[in-house]
Amino acid sequence: MANPKRVLSGIQPSGRLTIGNYIGAMKSYVALQEEHDCYYMIADLHGITVPQDPEALREQTEMVTALYVAIGLNPDKAAIFLQSHVPAHAELGWIMTTLSYMGELERMTQFKDKSAGKEAVGAGLFVYPPLMAADILLYKAHLVPVGDDQKQHLELTRDLAGRFNHRFGETLVVPEPLIPKLGARIMSLDDASKKMSKSNPNPGSYIAMLDSPDDIRKKISRAKTDLGREIAYDPEEKPEISNLITIFSQCSGKSVPDIEKAYEGQGYGTFKKDVAEAVVSALEPIQARYADIRASGEIHRILKDGADRAAAVADATLREAKQAMGFLLPRR
Ligand code: TYM
């Protein structure tokens, strides 16, 4: 390894993962594992900040774990683990909550979006960002691969790390977000002003990573398009087509200018068919591996091994942080 860095990221096991999760974050996970020291968790403690069904939580946790391996993460290289298997997350999460100000948590747009119009809002949703900060800071991660919607949480994490170090002495690493240049915000297929999301009640608005090829073709053929018939990347003027170009580029490896050139003078019909085929080809091998992994029963061994490796790092940082704060540590 030339200059290995510590990497941490995570995904909530809430609903079916979409190609937004894949393009915005998971593709980077795979690229980073070759050169860096990577920790990828399933954020199940975050998953319970909105009401959950126990059976669904179990199923979706296994699903995300199997998808991590199916996209090409190698559990011998990257540690794959559940947040709830490493108790240090909850503990440093509490510490980070005590360092957070109400005002800064109230400004979090994800909190505002998720609580808007709700009569009862769980307190866990409010203190979600300091728990996310703890996830990252426990590993002294330098790099955090995420989509654009997590940028504000990363800013808060950086502020909390700085605040901790300022008050208690240099202990934590201030992390950098790693946000892809293209595809950091994949939009809904039915409305390009909204982020593609697994929690959208309209399944036609997103492509799930485990959607069948036929569903993918149907969803893309029905995707909303802009006026006119030109295939041009212009997120301001042509947001719907630009979103499809982004998905096409990220699933095929073709550059945006190459795509624009290839479809010059052609209508939306052929273009959409080709976008669908590119998505199907990108997901088919992942889906095949996914089925194998679920059938193999390997998931629990992978999670056990991942949690052991993660806890070794996380426990050491937690101990250091508590010592710096003046906690009396148990004698070892
Ligand atoms: P979550 O589970 O909502 O999403 C997981 C990752 O997918 C990215 N993403 C997208 N990227 C592009 N376009 C989209 N439409 C799209 N939708 C989702 C997200 O940006 C994210 O990177 N709070 C986090 C989970 C978390 C975490 C962490 C992440 C908990 N602790 C520590 C990093 C580090 C979340 O809810 O992501």
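Which strand and which helices each supply at least two residues of the shell around the ligand? They are strand S1 (6-11), helix H1 (19-33) and helix H8 (128-137). Helices (H or I, at least four residues) and strands (E, at least two) are DSSP runs, numbered from the N terminus.

This is a predicted model, in which local features need pLDDT of at least 70 and side-chain atom pairs count only at pLDDT 80 or more, while totals for chains, interfaces and linings use all residues. Residues are numbered from 1 along each chain as its sequence is written, and side-chain values use heavy atoms, with hydrogens and water left out.

**The ligand and its shell**

There are 28 residues around the ligand, and Gln12, Tyr128, Asp135, Asp149 and Ile186 come nearest. A residue is near a molecule if one of its heavy atoms lies within 4 Å of it. By class, the shell holds 13 nonpolar, 10 polar and five charged residues. Here Ala, Val, Leu, Ile, Met, Phe, Trp, Tyr, Cys and Pro count as nonpolar, Asp, Glu, Lys and Arg as charged, and the others, Gly among them, as polar.

Asp149 places a polar side-chain atom 2.4 Å from an oxygen atom of the ligand. For Asn21, a polar side-chain atom lies 3.1 Å from a ligand oxygen atom. In the side chain of Lys198, an N or O atom is 3.2 Å from an oxygen atom of the ligand. The protein buries 97% of the 710 Å² that the ligand exposes when taken alone; accessible areas come from the Shrake-Rupley method with a 1.4 Å probe.

**Helix packing**

Two packed helices are described by the angle between their axes and the distance between the axes. Axes are lines fitted to C-alpha atoms, for helices over the stretch in contact, and angles run from 0 to 180 degrees between N-to-C directions.

| Helix pair | Angle | Axis distance |
|---|---|---|
| H3 (residues 54-70) and H13 | about 125 degrees | 9 Å |
| H4 (residues 88-99) and H8 | about 120 degrees | 8 Å |

The angle makes H3 oblique to H13, and H4 is likewise oblique to H8. Angles under 35 degrees count as roughly parallel, over 145 as roughly antiparallel, 65 to 115 as roughly perpendicular and the rest as oblique. The crossing of H3 and H13 is right-handed, and H4 passes H8 in a right-handed crossing. A crossing is right-handed if the near helix is turned clockwise from the far one by less than a right angle, and left-handed if anticlockwise.

**A loop residue**

Lys140 lies in the loop between H8 and strand S4 (143-145). Although Lys140 is not a glycine, it has a positive phi of about 50 degrees.

Terms used: A polar contact is a pair of N or O atoms within 3.5 Å; within protein, one must be able to donate a hydrogen and the other to accept it, and residues adjacent in sequence count only if both atoms are side-chain atoms.
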